[in-house]
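Please view the sequence and structure first.

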Amino acid sequence: QRIKNRHLHIPSEKTINHLRTFPSMDLLSSACHRLRSHDGTLSLLNLSCRGVGSEGVRKLSKSCACPLHQNHHGTGDNDNQDVTLCSSPLVALWLEGNEIYPSGAKAMREILTVSPKLKYLYMSNNYIGDSGVSALAPAFSQCDVCHLGDNRIGAVGALSIAEALESDTSRVKTLVLDNNLLGDEGAISIAKSLTHNTTLKHLDLRYNRIGKQGICAFLDVLKEQGNTTLECLLFEEDDDDDDDDDDVAEDGDKKSGSCMRSPPTRRYRKCPRLMERWTCPCEKCRIRYEMQYYLAMNRAGRSELGDLTIASSLWPRILSKVSKDEPSLLFTMLQLRPDVINR
């Protein structure tokens with residue numbers, strides 16, 4: 001069954017709790033015990049597909065926030081103990097495939113509060129929805145990598161994500177939002193937030209039913225608004241989806257109906273030199289090629305030349321001179337235009 005149809009049936013939180021298996025909860029109980037004991041070695045915790053649920057996340061949250069009691073008088077009396085709030089040692093947390101729902105996402109927010117070292121968060125396939133992603137907004141100011149794919153996040157949730165990305169405190173570098181329900185409206189909201197964002201480098205938006213308007217919004221940010229930090233942007237679905245007759249664009253044409261993945265004539269296929277120069281003439285591929293061009297410029301270091309006025313006609317020549325051995329755009333630019341050193 002295709003990935004985009006995985007949302008046809010969503011079990012309720014009550015049903016999930018009844019289907020919990022006790023062996024799968026042993027790892028959660030052990031992790032909670034180590035967190036309550038303030039075990040500093042528990043930096044990586046993988047609870048993916050363990051049937052944790054929202055209740056399990058709440059237990060994990062309480063264990064992370066468990067205070068440390070220090071007895072200075074040795075009498076055992078609670079009045080002679082000092083309570084010290086300790087931070088969680090978690091650096092990476094995997095909670096994928098646990099159906100934690102929005103209530104579990106709110107508990108996850110508390111885990112983020114007491115886990116200042118947490119930099120890698122994987123929460124795909126948890127049905128947190130728009131309200132859940134709003135509760136996880138602090139993750140964008142704390143984590144370097146955040147996976148939120150397959151969570152039924154729509155245009156409303158995209159507004160929360162855009163607000164977090166636009167904040168000056170945003171530090172997330174890799175954001176995965178594949179297999180959600182963003183659409184063009186959600187994509188446009190996220191694209192506008194990247195005008196001021198200087199940290200995000202990798203963004204995955206596959207399987208979000210994003211059309212031409214959403215893609216062009218990102219192209220405008222890269223081309224006109226001057227985003228120089230985004231290096232990888234994924235829109236394209238699998239090749240199998242392009243051949244599906246059910247995939248129809250808003251204008252009534254098939255998504256891949258006019259897209260030629262390979263040259264149409266044998267003359268191109270038999271000549272390696274022509275194959276290297278061939279590009280698909282359809283509008284969809286033209287936009288993709290142009291976007292990849294600006295992303296390649298960002299990967300080569302376009303931000304280093306942000307203060308220089310360079311003619312747009314010179315950029316293709318500069319980019320063509322950048323080699324894999326020396327990917328610095330600044331180094332190549334100085335070779336072609338040494339006069340900029342005197343500015």
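Helices (H or I, at least four residues) and strands (E, at least two) are DSSP runs, numbered from the N terminus. The model is a predicted one, in which local features need pLDDT of at least 70, side-chain atom pairs count only at pLDDT 80 or more, and totals for chains, interfaces and linings use all residues. Residues are numbered from 1 along each chain as its sequence is written, and side-chain values use heavy atoms, with hydrogens and water left out.

**Backbone**

- Most residues other than glycine have a negative phi.
- Asparagine 179 has a positive phi, near 60 degrees, though it is not glycine.
- Asparagine 179 is located in the loop between β7 and α7 (183–193).
- With a relative accessible area of 3%, asparagine 179 is buried (buried means under 20% relative accessible area, exposed over 50%, partly exposed in between; 1.4 Å probe, protein chains only).
- Tyrosine 207, also a residue other than glycine, has a positive phi near 55 degrees.
- The loop between β8 (202–204) and α8 holds tyrosine 207, which is buried at 12% relative accessibility.

**Salt bridges**

- A salt bridge here is a side-chain nitrogen of Lys or Arg within 4 Å of a carboxyl oxygen of Asp or Glu, and by this rule there are 6 salt bridges.
- Aspartate 39 pairs with arginine 34 in a salt bridge, with 2.9 Å between the closest N and O atoms.
- Aspartate 39 is partly exposed at 24% relative accessible area, and arginine 34 is partly exposed at 29%.
- A salt bridge joins arginine 171 to aspartate 144, at 2.9 Å from N to O.
- Arginine 171 is in the loop between α6 (155–166) and β7 (174–176), and aspartate 144 is in the loop between α5 (129–135) and β6 (145–147), so this pair links parts 27 residues apart in sequence.
- Arginine 171 is partly exposed, with 32% relative accessibility, whereas aspartate 144 is buried at 14%.

- Glutamate 290 and lysine 223 form a salt bridge, their closest N and O atoms lying 2.8 Å apart.
- Because glutamate 290 belongs to helix α12 (residues 283–300) and lysine 223 to helix α8 (residues 212–223), the pair ties together parts that are 67 residues apart in sequence.
- Glutamate 290 is buried at 17% relative accessibility, and lysine 223 is partly exposed at 37%.
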